[in-house]
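Hi,

Here is the structure I promised to pass on.

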Amino acid sequence: MGILFSAYRVLRDEVYRKIPEISCQACGQCCVSPHMTMIEFCYMVTFLRDKPDYLTYIISRMVPNHSYYPNLLTCRFQTPDNLCSIYPNRPLACRLHGHPVMSNVNEQYRIYCQKARPIDRQVSMDEVHCMLDRIAELNQGYYSYYTPPYWISGLNTESWLTVLFTEIPKHVFRLLRKIMSRELDIQHIPTMFNQPVHLQDKLVLIDRFQSEFSCGNYQVLGALLEEIQHHFPETGAYYFFEAEMYRMALEEKKVQALIS
Ligand code: SF4
Ligand code: SF4
């Protein structure tokens with residue numbers, strides 16, 4: 001039994017099971033590499049632990065860009081007939097996709113399914129916030145980065161695999177790698193993950209951005225933000241929340257500079 005066993009139980013019983021199923025048409029259009037927290041990532045992978053050959057195939061496959069969203073990678077758990085190979089353990093983002101409430105949330109949910117409809121009842125925004133809070137609590141028990149910077153908490157599948165199978169020289173990622181390796185115990189699978197994303201390059205830019213921000217070098221920050229947000233699509237949309245916060249702070253500084 002893994003160290004996250006009790007967290008999985010809460011995730012399954014207190015979060016996932018409360019979300020009504022939607023009438024998905026299995027067109028496959030929405031299955032880009034989804035965002036999730038560490039505990040969700042581990043829960044998703046554990047679904048395949050009893051199928052080591054399939055898990056090896058999943059980890060080693062080279063995933064193409066998604067045909068509808070060319071800059072995003074197709075989810076590696078999607079089957080050739082557009083089904084989800086880890087359906088009972090899929091993360092919150094996938095479960096909420098297609099629910100009308102998500103059309104009002106934020107930029108990353110603008111990719112919004114118009115074909116699926118909830119079968120029995122609609123999820124409210126309050127419920128979504130409760131679910132996010134509950135998942136945040138679960139992750140906080142294992143690592144402290146669920147609070148800002150949020151970008152570490154919600155990486156996409158490709159970024160989590162990059163953290164798990166490559167050496168990212170940053171303390172928090174070493175810690176996360178240790179927890180995931182211990183929990184998933186899949187290091188014996190021949191390391192065949194051949195598609196790491198440019199997480200490290202993005203981190204270098206994020207560090208540079210934060211240091212320029214604290215030094216007050218505001219003239220370079222706009223361009224850096226653009227680069228961070230748009231040059232690494234395969235890493236997913238993480239850092240968007242922080243980027244928006246920084247963008248607002250920058251606007252405020254510019255106004256202050258004009259006034260003074
Ligand atoms: S949720 Fe919607 S877009 Fe995604 S596979 Fe189902 S029908 Fe297609
Ligand atoms: S985990 Fe499953 S539902 Fe989610 S994007 Fe991947 S294939 Fe689609």
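Starting at the N terminus, the elements of the protein chain come in the order α-β-α-α-α-α-β-α-α-α-α-α. That makes ten helices and two strands, where helices (H or I, at least four residues) and strands (E, at least two) are DSSP runs numbered from the N terminus.

Before you read on, some ground rules: this is a predicted model, in which local features need pLDDT of at least 70 and side-chain atom pairs count only at pLDDT 80 or more, while totals for chains, interfaces and linings use all residues. Residues are numbered from 1 along each chain as its sequence is written, chains are lettered from A and ligands numbered from 1 in the order in which they are written, and side-chain values use heavy atoms, with hydrogens and water left out.

**The chain as a whole**

Of the 260 residues in the protein chain, 48% are buried. Buried here means under 20% relative accessible area, exposed means over 50%, and partly exposed is in between (1.4 Å probe, protein chains only). The chain has an accessible surface of about 13,300 Å², and 55% of that belongs to carbon and sulfur atoms; the areas come from the Shrake-Rupley method with a 1.4 Å probe, and for residues only the protein chains shown count as cover. If you take the contacts (heavy atoms within 4.5 Å) between residues at least 6 apart in sequence, 70% of them join residues at least 24 apart.

**The cores**

A nonpolar core is a set of buried Ala, Val, Leu, Ile, Met, Phe, Trp, Tyr and Cys residues joined through side-chain atoms within 4.5 Å. The largest one has 51 residues, and Met-38, Phe-41, Phe-173, Met-180 and Ile-186 have the most contacts inside it. At least two residues of this core come from each of α1 (5-15), α2, α3, α4 (92-96), α5 (125-140), α6, α7 (171-184) and α8 (199-215). Helix α2 gives the largest share, seven residues. There is also a second, separate core of twelve residues, including Ile-206, Leu-221, Ala-243 and Tyr-246.

Helix α3 (residues 52-60) is worth a look too: its buried residues are Leu-55, Thr-56, Ile-58, Ile-59 and Ser-60. Among what covers them are α2 (38-46) and α6 (157-165).

**Aromatic pairs**

The structure holds six aromatic pairs. Rings of Phe, Tyr and Trp (its six-membered ring) pair if their centres lie within 6.5 Å; planes under 30 degrees apart count as stacked, over 60 as edge-to-face and the rest as tilted. Phe-41 and Trp-160 are a stacked pair, because their ring centres are 6.1 Å apart and their planes are at 25°. Phe-41 sits in helix α2 and Trp-160 in helix α6, so this pair ties together parts that are 119 residues apart in sequence. Both are buried: Phe-41 has a relative accessible area of 1%, and Trp-160 has 0%.

Phe-165 and Phe-193 make a tilted pair, at 5.9 Å centre to centre with 40° between the planes. Phe-165 belongs to helix α6 and Phe-193 to the loop between α7 and α8, 28 residues apart. Phe-165 is buried at 11% relative accessibility, as is Phe-193 at 8%. Tyr-8, Tyr-16 and Tyr-43 form one aromatic cluster.

**The ligands**

For these shells, a residue is near a molecule if one of its heavy atoms lies within 4 Å of it. Around ligand 1 you'll find Cys-24, Gln-25, Ala-26, Cys-27, Gly-28, Cys-30, His-97 and Cys-113. Around ligand 2 there are Cys-31, Val-32, Cys-75, Phe-77, Gln-78, Cys-84, Ile-86 and Cys-94. The shell of ligand 1 has five nonpolar, three polar and no charged residues, and that of ligand 2 has seven nonpolar, one polar and no charged.

Most residues other than glycine have a negative phi. Ala-26, from the ligand 1 shell, has a positive phi near 55°. Ala-26 lies in the loop between α1 and β1 (35-36) and is partly exposed at 26% relative accessible area. Asp-185 also has a positive phi, near 50°; Asp-185 is in the loop between α7 and α8 and is exposed at 51% relative accessibility.

Cheers

Note on methods. Ala, Val, Leu, Ile, Met, Phe, Trp, Tyr, Cys and Pro count as nonpolar, Asp, Glu, Lys and Arg as charged, and the others, Gly among them, as polar.
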